[in-house]
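Subject: Structure handover and notes

Dear colleague,

I am passing on the structure we spoke about, and my notes on it follow below. Please read them with the coordinates open beside you.

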Amino acid sequence: MGQLCGKCMKLLQDFVSFVKRMSSSLVQRIKECLVMISECSCLKRNGSEARQLYKPVLQPHEKETAQEFLQHIETGFEMSLLGKNSLEALRTLAFSENPGLQQSAGLYYLHLSQHLTSQLPEEHLEPYYALLQSSDVEVQQMSSLSLVNFLLEGNINGDLVVQMGLLEPILELLELGDFTVQCNACACIMTLAASESNREAITSAGGVIPLLVLANSYDPRVQQNAVGAILNLTQSEWIQQVLCREGALPVLTLLLESPDAEVQYYSCTALSNLAANSHHHEAMLRTGDGFLLRTLISLLSSSVEKVSSQACVCLRNLAVSAHIQADIIAMDVLPQLLSLLASNSTDVQQASIALLWKLSQHPANQDTLTCGEMLNILGRLLLTHKTDPVLVGHATCIIKNLILPQNMQRIMESSCFEGLLYTILSPDVQEEPLHYVIACLAELAKHEGSVLHMLQWMDESLIKCLVKLAGQLQHTEPSFQAASIIQHVVCHEKVRSLLKYHITEIQYYLMNFLTHQEIRFQQLGISTVCKLQEDPELSSAIRQSQLMEHLERIHQQTEETQKLLRVVISHMDI
């Protein structure tokens, strides 16, 4: 190709100068408009200085689009925010190589994300692909922030974001050097990771390692969102394996000591999810000679309730084996748990009592746990939280686990009895925790000392309640346990006097017990009848009822069965 002559060269230079003047003028107008909008309180960018825009040559179609878009902005968005014209303009500006025009598109999306009250149409996500991959930091910041806003407000479906191929450019932003961009990108990933399918996509696209790197970021916003994203990833079992393989355990464990309570909470919750799978326990506890357990126990004293609560959850998930439970008890955890039980926060109380219940299952811990302070706290919880099934159920199960001969005196001296008996009489207690209370009282009734203590609380209302529960055979276990309590206390005159007012109901449930398929019900029914017959008035009532006829039939059947058994045994001896 030949060289241009002097005349043509002069024409070309004049044309370039003209285009530059036009470009500069147009971009300057866009810049002034953007600065005015950026100073508005609606975008919360007061006091920020407008970045000097690059002044490249504009393509003719870009210049025309920019002029129309500028008019759109200057009219205060009077035309439709999501109209076809807006979309075409956004596409042109977003895919431009001019950062100033891309900033216009980014700013438009940012404004839209703060005002939109409906779903963002799918086609309006297309420009994001170019904006997120822009080389301009401001474009990256605005576009990533607007995407976070759309996701958090529910204007965009997270699955659609992934389906449209935006996950890859979002993940690429994680590795850039701007903290704001990283913060927004982590927030996007954290929000997207709420979906199972998206979690798989994030992991398959290699998102785990960048998030683990940013979990150690010096910027607290980036660190929070990175750990939050990791937390959401731990909700998938197979991704837990990937996280452990890529070194997440030491990262999350060290973050428990972060000065940021939010980071502590996220990392502790992520570890709780991992600890829910016992296969991870060995690797989790291998770090630093009990470092994880000690750190979690120290977090029980956190002034941030959700942190102390989550520390309880994590310890409970770890306390599966007897030796781990013993290790936790050996670290003097009881005073801190007792303090949490006295908390005004229901969540903290529920988390701490669930951990105590787990620890009380190991026989070696039961002597340590059976202290007067803890028993009294459990009794008070039963008295004051009858409608809370979690507190009532766990408190009752703990007491039941501690019912041993050597502990009976301390249990009787505490407020446990009072709490259990008031709970069983409460009309507000739910069915499941009520069953636990009955089972606990039945276990206590097996000890003579506790029966004598129980008699102090025995009155018409309690007897009526026990008889009623014994007759509810549709609830097999509670029915059996209530009848068992009656059987253990019936030998006392005070109880017999009270039972006389309910002889019809007693005969009803005893008849059902005698005809029950389970031998234990039949045996309990017969044993109760025997004890009732020790009282003349009760004995007379029984003789005049169908109970005696049925007992005679059982006796005849038993004799016939014994004869047949003797025949069978005699043949076996031959």
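In which sense, left-handed or right-handed, does α29 pass α30? Before the answer, please keep in mind that this is a predicted model.

The helix pair

The crossing in which α29 passes α30 is left-handed. The axes of the two helices, α29 and α30, come within 7 Å and cross at roughly 135°, which makes α29 oblique to α30, since an angle has to be over 145 degrees to count as roughly antiparallel. On the α29 side the contact is made by Leu466, Val467, Leu469 and Ala470, and these meet Pro478, Ser479, Ala482, Ala483, Ile485 and Ile486 of α30.

Helix α29, which spans residues 460–470, has as its buried residues Leu462, Ile463, Cys465, Leu466, Val467, Leu469 and Ala470. The elements that cover these buried residues include, besides α30 (476–489), the helices α26 (416–425), α27 (431–444), α31 (493–499) and α32 (503–514).

The nonpolar core

The largest nonpolar core has 166 residues, and those with the most contacts inside it are Ile170 and Ile424. Helix α9 (residues 179–192) gives this core its largest share, namely 9 residues. Leaving aside residues up to four places away in sequence, Ile424 touches Leu462, Cys465, Leu466 and Leu469, and also Leu434, Val437, Ile438 and Leu441; Leu462, Cys465, Leu466 and Leu469 are also among the buried residues listed for α29.

The loop between α19 and α20

Asp332, which is found in the loop between α19 and α20, has a positive phi of about 60° although it is not a glycine. Val333 has its place in that loop as well, between α19 (322–330) and α20 (334–341), and Val333 is buried because its relative accessible area is 1%, where the limit is under 20%. Not counting residues up to four places away in sequence, Val333 touches Ile297, Leu300, Ile328 and Leu359; of these, Ile297 is 36 residues apart from Val333 in sequence, yet the two are 6.7 Å apart in space, C-alpha to C-alpha.

Cysteines

A search of the whole structure for disulfides finds 0. As to individual cysteines, Cys244 is partly exposed, with a relative accessible area of 22%, and Cys530 is likewise partly exposed, with a relative accessible area of 44%, whereas Cys465 is one of the buried residues of α29.

With best wishes

Note on methods. Residues are numbered from 1 along each chain as its sequence is written. This is a predicted model: local features need pLDDT of at least 70, side-chain atom pairs count only at pLDDT 80 or more; totals for chains, interfaces and linings use all residues. Side-chain values use heavy atoms; hydrogens and water are left out. Helices (H or I, at least four residues) and strands (E, at least two) are DSSP runs, numbered from the N terminus. Buried means under 20% relative accessible area, exposed over 50%, partly exposed in between (1.4 Å probe, protein chains only). Contact means heavy atoms within 4.5 Å. A disulfide is a pair of cysteine sulfur atoms within 2.5 Å. A nonpolar core is a set of buried Ala, Val, Leu, Ile, Met, Phe, Trp, Tyr and Cys residues joined through side-chain atoms within 4.5 Å. Axes are lines fitted to C-alpha atoms, for helices over the stretch in contact, and angles run from 0 to 180 degrees between N-to-C directions. Angles under 35 degrees count as roughly parallel, over 145 as roughly antiparallel, 65 to 115 as roughly perpendicular and the rest as oblique. A crossing is left-handed if the near helix is turned anticlockwise from the far one by less than a right angle, and right-handed if clockwise.
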